[in-house]
Amino acid sequence: VTHWLDQLKAGDHAAAQELWERYFRRLVGLARKKLQDAPRRAADEEDVALSAFDSFCRGAAAGRFPQLLDRNNLWRLLVTITVNKVCNARRDARRQKRGGGAVRGESALRGAADPAETAEGLEQVVGREPTPELAAQLTEECRRRFQSLDDAELQAIALWKMEGHTTDEIAAKLACAPSTVERRLRLIRSIWEQEIVP
Amino acid sequence: MSDSSPADPSSSQRALALLSRVMDREIRLGQPADTASLPLALARHVDQVCYRFEAAWKADGAPGTPPRIEEYLADTPEPARADLLRELILVDIYYRCLLGQAVRAGEYLARFPELERSPP
């Protein structure tokens, strides 16, 4: 089965985008179902994350998807973080099963959002259909990452970005320079990536 | 966008080309172009300084005394300085255009010689 990472590495961006959308649609569909089934807690920061999910799912239904090659694609980063965690947990479980001897050499799994860097780990998970467990983890990561943004404006920018708004649209909402939105998106990415390493 | 030194069109064109590269984030100023590559504490610092600079533009931008990039750049050494300078220039250009003020590429180059020293 070829998937979007192979396509991306081969330079076929259109095909990679298509596969990414298909995978992503299933993943957020599962995540949303999980959210609807779960009892709602009242925390505000959780609502922000859930709102991002909800809006995104509506956008996805309308055919709006985050671009795979957008460096500030927070959804891709979120999926990468989540998949990394799943990969690490599976690897640790395998090692424990084998009786320890942990050799911490798989730095690619702990890398940043670059698909090439995380390809090895992602292929183990993304090559398959998204599972409800992965979707649940994605939901949890979404909530945790929003909590890690200690500034209401950063949260708002992340939310609008994940809802599919463009830089210029977000700048207009905040009455600020577009470069400010870009800069703060990079800051959000830095904050989120910093927590990738367990 | 226009340069203020029409007497030397080649210099003016060169300055504009350089400025457009700054805006396109192609200029690295000897440092990585991406704030994401700065340590998080420095990226936060760059963001906060730019935030104050933009707030000053919003509060008192026109037509009196606009904030000066130099004052906001003063306390920031490398490696964050190059990123901060680029971000401050971008904000500066945005508000000058918004207020209908001339944006002079040559002026930035004269004020910040490190722009000239950056790799092509």
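**Ground rules.** I worked from a predicted model in which local features need pLDDT of at least 70 and side-chain atom pairs count only at pLDDT 80 or more, while totals for chains, interfaces and linings use all residues. Residues are numbered from 1 along each chain as its sequence is written, chains are lettered from A and ligands numbered from 1 in the order in which they are written, and side-chain values use heavy atoms, with hydrogens and water left out.

**Chain A, overall.** I looked up the secondary structure and found nine helices and zero strands; helices (H or I, at least four residues) and strands (E, at least two) are DSSP runs, numbered from the N terminus. Of the 198 residues in chain A, 51% are buried, meaning under 20% relative accessible area, with exposed over 50% and partly exposed in between (1.4 Å probe, protein chains only). I then checked contacts (heavy atoms within 4.5 Å). Among those in chain A between residues at least 6 apart in sequence, 70% join residues at least 24 apart.

**Interface of chains A and B.** I found 18 residues of chain A in contact with 19 residues of chain B. The buried area is about 1600 Å², of which carbon and sulfur atoms give 47%; this is the accessible area (1.4 Å probe) that two parts lose on being put together, summed over both. A:Arg183, A:Arg186 and A:Leu187 supply 37% of what chain A buries against chain B, more than any other three residues.

I next looked for salt bridges (a side-chain nitrogen of Lys or Arg within 4 Å of a carboxyl oxygen of Asp or Glu). The rule finds four across this interface. One of them joins A:Arg186 to B:Glu87, with the closest N and O atoms 2.7 Å apart.

**Backbone.** The peptide bond from B:Glu78 to B:Pro79 is cis, with omega near 10°. I placed B:Pro79 in the loop between helix 3 (69-73) and helix 4 (80-98) of chain B. A:Ala175 has phi near 50°, a positive value in a residue other than glycine, and lies in the loop between helix 8 (167-174) and helix 9 of chain A.
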